[in-house]
Amino acid sequence: MSTHIDLNDIQGNIVKGYGHFGYPKARYIFYRIKECKAGRQFVQDINPLITTGVAWEMTAQSGENSAPTATTNISFTYQGLKMLGVSRLSLQSFPEDFAMGMKERKDILGDDQTSSPQHWDQIWQGEAVHIWISINGKSEDVVEKRYQAICDILANTNQGVEQVLGHTGDQGETNLPYQSASVIYKNGKPQATEHFGYRDGISDPYFSAASGNPDRVIGGGKPTRGNPATKEGWEPLENGEFILGHRDEAFETPKAPQPPLLAFNGTFMVYRKLHENVGSFNKYMNEEGKKLEGGKELLAAKFSGRWRDSGAPLTQFPTEEEAKAFGDKLSAAEKKLYMEQPNPSAPTVAAYTKLRQQLVAFNYDHDLDGSRCPMGAHVRRINPRGALEDGKTAFNTPGALVNRRRILRRGLPYGEVKDESSNDGNHGIIFMVINASISRQFEFVQQQWINYGNDFKLANEKDPLLGNHNCQADGGGKMILPNDPKGDKPPHFCAGIPRFVETRGGDYFFVPSLTALHMLAEGIVDPT
Amino acid sequence: MSNIAGKSYAMNVVTPAKWYLTWLNKLFFGFVQLPGGAAYLKGLLTLSLIHYARWAIVSPKQFPHLDPSQPKETIKYSYMFFFSNFNGSWAQYVDSFHTAIPGGLDLFWTKNVKYPKSVPLQPFHAYITYNQVWTNHYYNAYPLASSNDVKNAQHLSGKLRAFNDVHSNDDPQDFQQAYNALLLEVQGAISIMEPTPIISLSAQAVEERLSHESEVNSA
């Protein structure tokens, strides 16, 4: 079967994490449709602004870079499709998870206690939003310019479509008109980290249609039984895991809404605003870190599976010294690459690529007991890389229990940490997921791998960083950090882990193809 | 009525097979129990969400005729009864079989009527759903325990008893050392048991209705 995909027909946010492509600023804007015709007019007028998946260098004429200064993408909730006049027959062919929306799925997602919908931003309190629009830009100015262009289009609907206010902001505002997001700047320099200080967005699944460097299959594809440090160790995931209408890992086209042309080249997106309790995190690291031989940085690495500064995987770099030596080499290579832009020399690129690969080109076969990277560490949970086979050649493929659970992560940090010892304020991550099935991919990972531990033989142990640890006074999460079974040190027990991450809102969206957007705008979706 | 109790799901699937072909299924059942067939069982055993899985074939003549007054039935097929209890959702279980041991599955069900093969997934889902017998009553003595939890607890309990026998009268320093060694030895088996995450909103609704009704009745 062909793995060719028409990238002109696919929205750009599916194949590109804009943050990694030099678009550090973003806004997410939500709308409600009051009147069907105005809604369709709005979609029609937005269409020319939509960024497709076409690789920018491919369309470059005579060496000019074709990348736009700002990008725009659009998606719809179930209620949004309904307001656009999509017929009941078609609506009923959409999956239950999407039709219900995120708020109603709170028990599946573990959005309880401080994460429950009553604590979400104002915008999520009333009836569902209908449309999500994103703008990513190289600077705040171009984002603002694109935003104004969209405001003009909105004005043409004569209130037939309204922008939904109600985002919480940095100064305590509760009624902002959009959600801003941005990479974090330190001393004016952009950082690759989120607010806890972890280098983020290192590993994203690699699938056949993914634009970009084919070497990214290493560590990003699905595991084979080959050497994980080489291309032989990995194969691209099937496109159908992320894009409807194409073959998936079950050797079929995924279940999709009707008519087929509405779903073809579309996908589903999860939008979540996740607040980070920086004060609790720093306090726990400082206090518990004192009890652990190796200290605070080792504890932070045991929780995540990667060292905070460099992102070096713990299973490959078990000591802080090794991680630091690697991190220094990586940042030197990054700096060199940056200095030589726009035309870096081949050896500079090769040196950087080789180091970058070490962040992802590994598995856990030599660490089955978890004495280096615990089974319960964040990155080992959300991408076990074949470790669920327990090191045996037991399954049809080492990725048997993993390949159908991969998600593309999109999004950026938001807000600013003003006081590192406080949880208060408005800062976290706008976390977005692209997947062909919200329940099979995102919800499964969230429920079974983040808020539970049975697949890792850890009973009810949760992801230490993202898990919905009990917030009651006597609550808190627990985690065992295994030690080398051949050594003489007992495992370390972490108790009373506070809830570090809280949900502040979100919903489920359908991301149509460019063709389907035209169909929606023209009102010609007919499944019969 | 629910197939779910605590952390467990009970699945019963009854599939017809032509009586003159079931020797193939039986041959495979016998084969996997021989040393050479262990590879097929290894996949099954590594799927740690499974409590147990059992296949039984009942030929037309074996169906019970309890009393002369029971009308005689004409049974055309042999039937393969598949029973399994597992942790997690229906989809997690069926999909795990489909991705982890598709070859073994196709041999277990080999020539059964209209068996579509385990790959691709949607026809296989349809086959299981069509032939599944839903559970009306399902009792679970340990609703907080998954099969991994039970195995870990058994391991831990054995080690702890043996430790007690040997070290209960040690002096504090020796005890501490021995205890640390014990912790290291059993580190993979220590865990926290709490209620299951909610895997099905429908099952949750049934559970809430029943517990509400039982509260009302006992009030």
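Student: How many nonpolar, polar and charged residues are in the lining of the largest cavity?

Tutor: This is a predicted model. Here the lining of the largest cavity has five nonpolar, eight polar and two charged residues. The volume of that cavity is about 90 Å³. It is lined by 15 residues; nearest its centre lie Gln448(A), Tyr452(A), Lys7(B), Asn87(B) and Gly88(B).

Student: Which residues line the second largest cavity?

Tutor: Met11(B), Phe82(B), Tyr93(B), Val94(B), Phe97(B), Leu105(B), Trp109(B), Phe124(B) and Ile128(B) do. Two elements of chain B give two or more residues each: helix 3 (90-100) and helix 5 (121-131). Helix 3 of chain B supplies the largest share, three residues. By class, the lining has nine nonpolar residues, no polar and no charged ones.

Student: Where does helix 3 of chain B lie?

Tutor: Across strand 2 (8-17), strand 3 and strand 4 of chain B. The helix runs at about 115° to strand 4 of chain B.

Student: How do I read the sheet?

Tutor: Start with the general idea. Strands of a sheet pair through backbone hydrogen bonds, parallel or antiparallel. In chain B, four strands form an open sheet in the order 1-2-4-3, with antiparallel pairing. Strand 1 (4-5) and strand 3 (50-58) of chain B each have a single partner strand, so one side of each has no neighbour in the sheet.

Student: How many bridges join strand 3 to strand 4 of chain B?

Tutor: Eight, and strand 4 covers residues 78-87. Take Ile50(B): its bridge partner in strand 4 of chain B is Phe86(B).

How values were computed. Residues numbered from 1 in each chain as written. Chains lettered and ligands numbered in written order. Predicted model: local features only at pLDDT ≥ 70, side-chain atom pairs only at ≥ 80, totals over all residues. Heavy atoms only, no water. 1 Å grid on protein atoms, 1.4 Å probe; cavity = no way out; pocket = protein on both sides within 12 Å on 5 of 7 lines; lining within 4 Å. Points joined across faces, edges and corners; volume = space filled by probe spheres on them. Nonpolar A, V, L, I, M, F, W, Y, C, P; charged D, E, K, R; others polar. Pairing = 2+ DSSP bridges. Contact = heavy atoms within 4.5 Å. Axes fitted to C-alpha atoms, helices over the stretch in contact; angles between N-to-C directions.
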